[in-house]
Amino acid sequence: MPSVQRFLSGRNNLVRDAVLAASSVRPSTAIERIAAQRTGGGRVRLAGAYTGHEAAQVDVEIVAAGGIPRASVPQFVGVGNGQLDVLSVDGAAPLQGLTLSLVDLGIPTEHARLDARQVQIRAKVAGAAGNDIRITVEPQLTRTLTAWALLADWSAGTAVQAGSQWDFGGLPLSAQGDVDPDSPRIQFGFDPQVYRPWRQYKDGAWQFGLSPALERTQPKGTAVYAVTGGYKITVTDGVALEVYGDVAASQPAVVTFYDLLTALQASALVEVAGVVAVDRAINGQAAIDVPLRTSAWLMAMGGKVQLQGVSVPAAAPTQTVTVRCMNADVIGAERWSVVGDVSGTLAVATTGIPYESAAARFTVPAIDPAAVGSGEWSFKYEPVTRDAGKGVPSVCVRPFKFGRNAKARTVTFRYQRRPPADCKCSDMPAIRVSDECLGIFDEGVDMPPAVQTRLVSLMEWRSGFLGTNIALEAGETPNSAQVKSDSGDVRLVNNCIGNVLVPALQEVYENADALAAWDAAVVLFKADWTAYAAKDDAGGNLSTLGDMLNQKYEAKMDVCRAKAGIYPKKSDSSGGDAGGCWTDHGGTHWWADVSGYYLPAFSNEPYISSRRNTDTGEAYSTMEFGFGFVVACPERVEEGDTLSLTISQVDGERPYQVGDESVLQTVAAGPAWMAGGVDGTDVQTWRVVGSASGMLPDYLVPTDGTAVPVYAQVGVDLQLAPGGIPFVLGDVFSLAIEAGQYRWRRDGGAWSALTDIPAAGADVLADGLTVHFDAGAAPSFAPGDAYGFDVHQPWAVSHVRDALASMWGWAGSDANMVIDLGSVQDLGAVALARYELPEGAAVAVELSDDALTWSAPLAMDVSRAVSVRFGVLQARYVRVSVADAPGGSIGWIWAGQPLATDHHASTCQRRRRWAVGRGSGLNPAGLYAGAGDGWSLAWSLGNETASRLLENDVQQLVALLDWAQETDEPLLFSPNYLHTRDASLVRFGNDALDVDDKHQFQPDGAEHRVLSAALELEPVFA
């Protein structure tokens, strides 16, 4: 009777050579290309969920060039990184190459923009119209002189200074390095840049700096000013006007750059491109003033003379303005030439009088001389020759005083008859002297419009007035004419216009209030003369008091001057007293300066050196000298007598000398204009040429962000997709319209029929496989191109033939496999191993001789690692059915006659083993990998009647061991066929088998051998 132990080995497994038929196999996508022989630029690949029951090898070959037209992959040569997409190819499209070349970039539409530090202010509407937008920044700052000045130069390249002399009130930086918003704002001297001083404690000392960093080097001695106030911002395109920061209009103040950028977010004209943030870091948007400067500014000031109240008009040009003393005769009223590199020669400046021009504003400060009233002088009286017996007067100078403008000179006064009172050149009109002939005509100087319009109106009125007061009439002889005029009226009108109204207009035209007062005075002047406009043939006004009329209007002109900030002229323009310093004492004679430089003196009257203004006739003191002209016996003075005064030396130093100068350097500015706005075409032109079709219509591609159109010609639809790197001229795309045919085979079998490569590039083969023809550079495919693929099936049906780790997996939750053993076979057991089934799965085995009639199902216990059913069975067909096992798999199916020795083993010991990997050291951690049951078997010689091995047993065991070692295949061992739950999957633990014979292998007949052996069976962990 055989033993109770059973060995189920692959050597005895009838399934190994049976025909297997499964209901399904789990699909596989494991496809590997193993060979490619090609000349085309495309590629062939297999894809899909392979449902074949076994792995396969597939070959695909390109055979012919004909077929359905399709496009190769467009190839690009150039700079841009856009792409050309082929949307479709018509079935009738000609086979040819297509080339697209960029021949015209077009003109892109651009936003006008203005770079401002780390952001960009740009026009909201793209195009050239944005170039009309301008931003004007009007500083509305208040400067207050502080108690600080630079004790040393501060170079623009020095960011941080050390030492308390650089402390200008800045507050400490925050822990994040931010400028405190309460730090003061300061300016250095006349530099327009506003700074925020800050401090930080570093390396054991305070360090001082500015936000923004110092822009221009500031010299030692530069005063520091505290600054308050903000900026008024105007944005306009010439039509719309936007104002920000106008606090007088209750608008939020604009002080920092952040304030400006925030305010502009409400603009309909501009927008801010870039990040706008409350950045209080040094140089951050909230730590600097508005950085735009749109008005001219003073860059430098030098020279011997220190000007006061210097400022620069907003429209001043970039130039050097030189203010040079050209006349120092009168201390405190020195005259200064003002010349700009661009502005040319400007109006003369006078010491002590605020000067204003389009180039600069300033005042030359009046400085008292170092000493006044001392020096050396003498006089000499020389009478003319008299008749014998006539006496001479006694003439002396007492006292004599030096004025503040005294200088060394000799003056001679001659006693002579004075002209009659009604004969004054000041009443005569000025005679025109050509500036051009004198070389002082400046073609580049235009008359200001405010002056020109008023002069045109006044001169037209004067022309009409003189036209009615001067006429030609018939003379006393035939064919002769005589002039009739109201000469007195003409003289008075010309005198007032030429000497009063016009000079005043030239002085005040830059002030609106003064111009309004001037206009009112002219209206009154014209009204005064309206009643006398017509000629009355009476010769006109013969009055000698015409200067009184001048005084009336001179007083109105002084009002205009005062409104313009100009000191009025001295009253009594007739020159009667030079402001109380010189007086015309009347009489028939006076002492006249033989040179005509000074006004006459009078006997026994005080005399102050005085002159008369050559343009206005006004008398003024030269402040050089004064004396008492004492004449005893004045009746003895005769015409021709002279008195000479000589000043030989003057003590003291004059505050200004001719040639002294101050130099101003101004930098022009103006509204910040947007620039770069362009009305573009926004279209690229691609030239398209077909190798067969020739020149095709151009492809016009928009570049303004609008959708790119589809190019449809010669049966091909293309669409260009621009990329991040723009295209440049000469960039080229090329592609081909091509076709091809292919064939395929599986596992080296027969080739399929020729098939056109589909237009879509994909075709169905079999068992879920599809072949894909991916186009490449032309030609994509060429006859002779060949590809080989391994289609792997990890769930193949054949995997159940052995006990190795591979498995059969099915699709869905239920499956079955029919095993055809070829003929009816005696079966001693059916077993399953190496399966992975979900909980609740059920497996049953059915038997049949004809595959039509099946036995009752044998339920397999799959709750353990192996499942075996022993019995006396017979069948040709074995059907294994699986239910409720989605995702499950079975690795080994065994059917056949198990090996059983004649006697059972004398010892059969079970050993539970765990696959645990452990580290080193004390109490190492372990990594669990599985568990299993191993067995130790021995057939002992101590009781050979109950436990021994026969020769046949050994032969079968050795054959079983050889098989296991050769195939490395586990086997199923059951220690007792009546207790199948003890069965386990095992491997032989040793690579050797020792067999002992009680008779030391001496019997002549092998049947007489009494053999013993021991087997170690190691578990297969699961």
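Predicted model: local features only at pLDDT ≥ 70, side-chain atom pairs only at ≥ 80, totals over all residues.
Residues are numbered from 1 along each chain as its sequence is written, and side-chain values use heavy atoms, with hydrogens and water left out.

A pocket here is an open set of points, on a 1 Å grid over the protein atoms alone, where a 1.4 Å probe fits, with protein on both sides within 12 Å along at least five of seven lines; lining residues have an atom within 4 Å of a point. The lining of the second largest pocket has 34 residues, and Pro139, Pro192, Ser295, Ala296 and Trp297 lie nearest the centre. Strand β12 (134-149) gives the largest share of this lining, six residues, while β21 (297-303) and β22 (308-311) each supply at least two. Strands (E, at least two residues) and helices (H or I, at least four) are DSSP runs, numbered from the N terminus.

An open sheet is built from three antiparallel strands in the order β29-β35-β34. Its edge strands, β29 (394-402) and β34 (606-612), each pair on one side only; pairing requires at least two DSSP bridges between two strands. Seven bridges join β29 to β35 (residues 619-632), and Phe400 has Phe627 of β35 as its bridge partner.

Helix α5 (residues 512-530) has 19 residues and should span 27 Å at 1.5 Å a residue, which agrees with the 27 Å between its end C-alpha atoms. The expected span is 1.5 Å times one less than the number of residues. Buried residues of α5 include Trp518, Phe525 and Trp529, where buried means under 20% relative accessible area, exposed over 50% and partly exposed in between (1.4 Å probe, protein chains only).

Most residues other than glycine have a negative phi, and most peptide bonds are trans. The table lists exceptions.

| Site | Value | Loop |
|---|---|---|
| Ser211-Pro212, cis | omega about 0° | Pro212: between β17 (205-211) and β18 (223-236) |
| Ala778-Pro779, cis | omega near -10° | Pro779: between β47 (770-777) and β48 (786-791) |
| Asp767 | phi about 50° | between β46 (762-764) and β47 |

Asp682 counts as buried because its relative accessibility is 10%. Asp767, at 31% relative accessibility, counts as partly exposed.
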